[in-house]
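Biologist: I should like to go through this structure with you, helix by helix. Could you show it, please?

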There are 4 protein chains.
Amino acid sequence: MSEHEHVADRVAERAEEHAHHGYISDKERYLARLRRIEGQARGISRMVDEEKYCIDILTQISALTSALEAVALGLLDDHLKHCVLDAARSGGPDAEAKLAEASAAIARLVRS
Amino acid sequence: MSEHEHVADRVAERAEEHAHHGYISDKERYLARLRRIEGQARGISRMVDEEKYCIDILTQISALTSALEAVALGLLDDHLKHCVLDAARSGGPDAEAKLAEASAAIARLVRS
Amino acid sequence: MSEHEHVADRVAERAEEHAHHGYISDKERYLARLRRIEGQARGISRMVDEEKYCIDILTQISALTSALEAVALGLLDDHLKHCVLDAARSGGPDAEAKLAEASAAIARLVRS
Amino acid sequence: MSEHEHVADRVAERAEEHAHHGYISDKERYLARLRRIEGQARGISRMVDEEKYCIDILTQISALTSALEAVALGLLDDHLKHCVLDAARSGGPDAEAKLAEASAAIARLVRS
């Protein structure tokens, strides 16, 4: 397969995943938020390495946890909207399975 | 100041911070855990970039949140043990202030 | 209206609400769990009144919080299953509104 | 023992517990908050019994969880202030044990 065909395949594959996974509309926004989150994680490592004041490190960990929570809630909302509602609309037995899976993910989020 | 003196100063400064901030005994362990946490954050970015299944991303976010929580609880325990107890033992009015600060950090953790 | 008619009306009304709100199948189980939760809340009041050891009271509060979380997750799952999926299946614009409302409730749970 | 002596004994016992458990200064305030919490728990039972709208019940559960969290954070702060600091000041090995116990309670709160 040529490089060109390979890329074309990859694009098609992506488009299909998109149709399936559905959060691509905000993908760039999610990636920007996750880059910030990676930066926050690196910053916390640096603070420990430089032995910064413990309470200040805890404040940064709380901020990072809240940022992660916000991303999780956004992804979950997108997932329910696209994936679960679509399954319900297309009418198969799939919707119940999708929902059970989403409920288990919600429970993990609430408890983590 | 020569480079050598600069380094010596820096070491002395570190030692003093250590005496003050107190969690150095486990510092390497904290840094190793934080490197894993940075890796988890990068992994989540990659999953979004590759449009992995949303529920799998949420599972990784819950795991990262739990890992952060464990680091925060460890740092907090060290802080109470070294910083707050030491202040109480040396008997000044500082202990109450340290404790008020620690309680505020606990509240942020519980609510984040 | 006779007492009999009044009761009949009330039963009809309940049945209708049931059709709408959907969690009646497990209603007795929820009520039993909530009675236990009320008992736990009373027990915590009694512990404070009798000045029990603070750490033991905190343990009971954590247990009560977990029990409440479990009820909330159960109700949420029922709600998504009955109310949100039904709205999606019947095909109106109502499903999006129901889902936005559910997502806001999930966010409150995760953050509380 | 006369009723009078019995009451006097009880008062002395309470005073001693107070010296030990330390949160009595705010006891009436805690009891008032816990009575409100009991009322919230009863209200949630009633809402399920009357099959109120699920999302409204979830809102009440989130409010109750936050109220419990606030009581727990208050009790914990009092405990650290009175019980743990006092142990540190009186200088015995007890302070470490008290602190380990408090850290375990904090971990349960953060995770519940």
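Modeller: Please note that this is a predicted model. Let us begin with the buried residues of one helix.

Biologist: Which residues of α4(D) are buried?

Modeller: A residue is counted as buried under 20% relative accessible area. In α4(D), that holds for D:A95, D:K98, D:L99, D:A102, D:S103, D:A105, D:I106, D:A107, D:L109 and D:V110.

Biologist: What covers the buried residues of α4(D)?

Modeller: Part of the cover comes from chain D itself, through α3 (54-89). Chain C contributes α3 (54-90). From chain B, the cover includes α3 (54-90) and α4 (94-111).

Biologist: How far apart are the end C-alpha atoms of helix α4 of chain D, and what span should its 18 residues have?

Modeller: The helix runs over residues 94-111, and at 1.5 Å a residue it should span 26 Å. The distance between its end C-alpha atoms agrees with that expectation, because it is also 26 Å.

Biologist: How are α2(D) and α3(D) oriented to each other, roughly parallel or roughly antiparallel?

Modeller: The axes of helix α2 (residues 27-49) of chain D and α3(D) come within 10 Å and cross at roughly 160 degrees. Angles over 145 degrees count as roughly antiparallel. The orientation of α2(D) to α3(D) is therefore roughly antiparallel.

Biologist: What is the handedness of that crossing, and how do the contact residues divide by class?

Modeller: α2(D) and α3(D) cross in a left-handed manner. The residues of their contact divide into 16 nonpolar, three polar and three charged.

Biologist: In chain B, how are α3(B) and α4(B) arranged, roughly parallel or roughly antiparallel?

Modeller: Their axes come within 9 Å and cross at roughly 165 degrees. This angle makes α3(B) and α4(B) roughly antiparallel.

Biologist: Which residues make the contact of α3(B) with α4(B), and how many are nonpolar, polar and charged?

Modeller: The crossing is left-handed. From α3(B), the contact includes B:A72, B:L76, B:H79 and B:C83; from α4(B), B:D94, B:K98, B:E101 and B:L109 are among the residues involved. By class, the contact has three charged, one polar and twelve nonpolar residues.

Biologist: Is A:E69 buried or exposed?

Modeller: A:E69 lies in helix α3 (residues 54-90) of chain A. Its relative accessibility is 10%, so A:E69 counts as buried.

Biologist: Which residues does A:E69 contact, leaving aside its neighbours within four places in sequence?

Modeller: Within chain A, A:V110 is 41 residues away in sequence, with a C-alpha to C-alpha distance of 9.6 Å. The contacts of A:E69, with those sequence neighbours set aside, are B:S112, C:V110 and C:R111.

Conventions
Residues are numbered from 1 along each chain as its sequence is written. Chains are lettered from A and ligands numbered from 1 in the order in which they are written. This is a predicted model: local features need pLDDT of at least 70, side-chain atom pairs count only at pLDDT 80 or more; totals for chains, interfaces and linings use all residues. Side-chain values use heavy atoms; hydrogens and water are left out. Helices (H or I, at least four residues) and strands (E, at least two) are DSSP runs, numbered from the N terminus. Buried means under 20% relative accessible area, exposed over 50%, partly exposed in between (1.4 Å probe, protein chains only). Contact means heavy atoms within 4.5 Å. The expected span of a helix is 1.5 Å times one less than its number of residues. Axes are lines fitted to C-alpha atoms, for helices over the stretch in contact, and angles run from 0 to 180 degrees between N-to-C directions. Angles under 35 degrees count as roughly parallel, over 145 as roughly antiparallel, 65 to 115 as roughly perpendicular and the rest as oblique. A crossing is left-handed if the near helix is turned anticlockwise from the far one by less than a right angle, and right-handed if clockwise. Ala, Val, Leu, Ile, Met, Phe, Trp, Tyr, Cys and Pro count as nonpolar, Asp, Glu, Lys and Arg as charged, and the others, Gly among them, as polar.
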